[in-house]
Amino acid sequence: MVERFLVQTSFSSEEDFRKHLQFRIPENFNFAYDVMDQWGEEQPDKTAIIWTNDEGTERKTTFAQLKHETNQTASYLQQLGIGRGDMVMLILKRRYEWWLAMLALHKLGAVVIPATHMLTKKDIVYRNNRASVKAIICVGEDYVLQQIKEAQPESPTVKTLISIGPSVPEGFHSWQEEWPKAPPFERPDFVNTNDDTMLMYFTSGTSGEPKMVAHDYLYALGHLTTGVYWHNLHENSIHLTVADTGWGKAVWGKFYGQWFAGAAVFVFDHEKFTADKILKQIERYRITSFCAPPTIYRFLIREDLSRYDLSSLRYCCTAGEALNAAVYDRFFKLTGIRLMEGFGQTETTLTLGTMPWMTPKPGSMGKPNPQYDIDLIKPDGTSCEDGEKGEIVIRTDCTRNTTGKAPADSGKDHETSVPSSEVVQASARKPIGLFKEYYRDEELTRQAWHDGLYHTGDVAWRDEDGYYWFVGRTDDVIKSSGYRIGPFEVESALMTHPAVVECAITGVPDEIRGMVVKATVVLGIEWREKAGDDLVKELQQHVKRVTAPYKYPRIIEFVDELPKTISGKIRRVEIRERDKK
């Protein structure tokens with residue numbers, strides 16, 4: 001499969017990858033037809049999904065079965081009036097139907113808006129009206145159904161509600177009753193162009209109202225490198241990414257890239273995370289590849305891993321937040337597996353990563369994915385030298401990810417082969433995988449993307465070997481006594497102390513220094529009785545020993561929990577605002 005979309009498919013070194021990564025770009029590419037249905041035709045009996053839940057229910061689906069079921073789903077949705085360009089929100093947790101709905105909506109050319117089950121009525125009203133949502137497909141659980149029902153009177157564009165059960169209240173279609181009755185699917189005469197919007201995410205809103213990040217159909221192709229190279233997957237892989245389907249990480253780790261590789265996607269539909277549950281699934285299903293945010297690894301390394309048979313596990317990755325070196329070291333000591341870190345945003349696919357041919361440096365995000373032209377720039381717009389801190393940007397005034405030949409026709413009813421000049425033209429505007437725009441917000445788009453640069457808002461520095469090291473968000477960087485201090489630098493130091501479970505570093509105004517460093521700390525249960533001046537001094541001295549002394553937190557506050565977005569990201573802005581009062 002991969003050879004249809006890349007000129008060269010195997011790479012022996014970072015230099016080889018950087019020089020020779022080139023995409024073959026089909027015209028009117030559609031992941032559901034051109035990848036998934038092709039697997040169904042060519043390897044019909046190969047396992048595509050292994051789905052289980054914490055009640056012990058299990059479901060294994062082949063690529064041929066998945067093709068049939070997604071056609072059935074597309075037909076069902078067609079009967080309800082859903083078609084090209086319609087906005088459809090999915091609130092499905094980790095239910096099996098999410099995978100069917102995603103692929104079916106791609107087949108129809110509709111726009112998918114995955115969303116978390118934790119949304120309130122206010123959140124749903126905001127999303128419905130900002131995106132002109134036409135239909136919602138949801139789990140039949142009381143909380144979710146109630147929020148959707150209460151949002152309806154203020155959501156004039158929403159015409160269709162579908163519940164997958166178990167509850168199906170009045171006003172909702174029943175997926176379980178209606179889906180089996182759908183007629184044979186007839187593919188629409190025209191589904192999409194590469195530039196059409198395929199997928200849209202609302203960002204988690206760490207510093208304001210959520211933004212609508214719109215992705216085109218080539219976004220799926222952009223994740224080929226995520227699954228095949230960063231996750232290091234192949235046709236015999238069984239891959240587990242810990243992520244709820246309401247967040248962008250789900251399509252990073254449970255969808256596009258994994259199926260380009262032909263891997264089996266493992267899904268554990270559970271209500272409450274525990275390290276023990278995850279480890280038992282890895283043991284039982286012989287998971288070979290695993291990806292999770294550093295928070296998950298922090299829980300895993302607190303377990304007695306000798307109680308579990310993890311011999312099937314070969315490769316582990318992490319993303320979603322910066323990785324503390326202490327977590328990397330402990331996990332490696334316990335398992336012998338090196339954590340391969342990656343970095344990206346809702347607006348991108350993998351932009352920086354530690355690839356299989358690279359030696360990871362604990363705490364580093366890795367090196368640029370050559371799919372993107374990455375640079376670090378200073379406030380004056382000039383590029384940083386090694387060792388200098390700057391904002392990570394993507395240069396879009398040129399592109400290096402195209403090639404002169406598209407793959408042969410991969411669908412029965414449409415032609416994908418195009419002249420080389422058209423292939424290059426199709427992606428010259430932006431790299432494959434970079435978002436189209438902030439939907440319905442031209443000004444916000446211009447603020448982030450102008451003069452040939454997309455500004456990530458993330459600050460990092462690059463070492464002499466070309467590895468990038470995360471510092472923090474541009475609005476999180478603390479300027480104290482002439483020093484620029486990144487929150488992650490101090491957080492990493494604090495996290496190496498056994499008392500600290502979580503922490504957030506912010507700046508507090510100071511008349512003499514301009515700003516001073518403050519640490520808001522969640523202690524381990526066994527340390528909470530020791531919270532006080534002595535522990536404050538101990539933590540301060542610990543930071544001074546681990547990192548440069550000028551970075552130590554002059555203020556430390558102990559709290560029971562940190563303020564977070566519904567996606568779990570720490571809201572440092574909330575801590576800063578609270579400290580102003």
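Colleague: Where does S132 lie?

Modeller: In this predicted model, S132 lies in the loop that runs between α5 (121-131) and β5 (135-140).

Colleague: Which loop holds R286, and what is the phi of R286?

Modeller: R286 is found in the loop between α12 (275-285) and β12 (289-291), and its phi is near 55 degrees, a positive value in a residue other than glycine. With a relative accessibility of 33%, R286 counts as partly exposed, because that label is given between the 20% and 50% cut-offs.

Colleague: How do you know whether L145 is buried or exposed?

Modeller: L145, which has its place in helix α6 (residues 142-151), has a relative accessibility of 4%. Buried means under 20%, so L145 counts as buried.

Colleague: What is L145 in contact with, once its neighbours within four places in sequence are left aside?

Modeller: L145 is then in contact with C138, V139, G140, S163, S167, P169 and F172. As for M102, L145 and M102 are 43 residues apart in sequence and 20 Å apart in space, C-alpha to C-alpha, whereas contact requires heavy atoms within 4.5 Å.

Colleague: What kind of peptide bond joins G165 and P166?

Modeller: A cis peptide bond joins them, with omega at about 10 degrees, and P166 is found in strand β6 (residues 160-166).

Colleague: What makes a group of residues a nonpolar core, and how many residues has the largest one here?

Modeller: The residues must be buried, of nonpolar kinds such as Leu, Phe or Trp, and joined through side-chain atoms within 4.5 Å. The largest such core has 111 residues, and those with the most contacts inside it are F31 and W259. Helix α4 (residues 97-108) gives the most to this core, with nine residues. Apart from it lies another core, of 30 residues, among them Y285, Y328, F331 and L339.

Colleague: Which residues is W259 in contact with, again leaving aside its neighbours within four places in sequence?

Modeller: The residues in contact with W259 are F31, V35, M36, W39, A48, I49, F63, L66, W99, L103 and V265. In soluble globular proteins, nonpolar side chains tend to be buried together.

Methods: Residues are numbered from 1 along each chain as its sequence is written. This is a predicted model: local features need pLDDT of at least 70, side-chain atom pairs count only at pLDDT 80 or more; totals for chains, interfaces and linings use all residues. Side-chain values use heavy atoms; hydrogens and water are left out. Buried means under 20% relative accessible area, exposed over 50%, partly exposed in between (1.4 Å probe, protein chains only). Helices (H or I, at least four residues) and strands (E, at least two) are DSSP runs, numbered from the N terminus.
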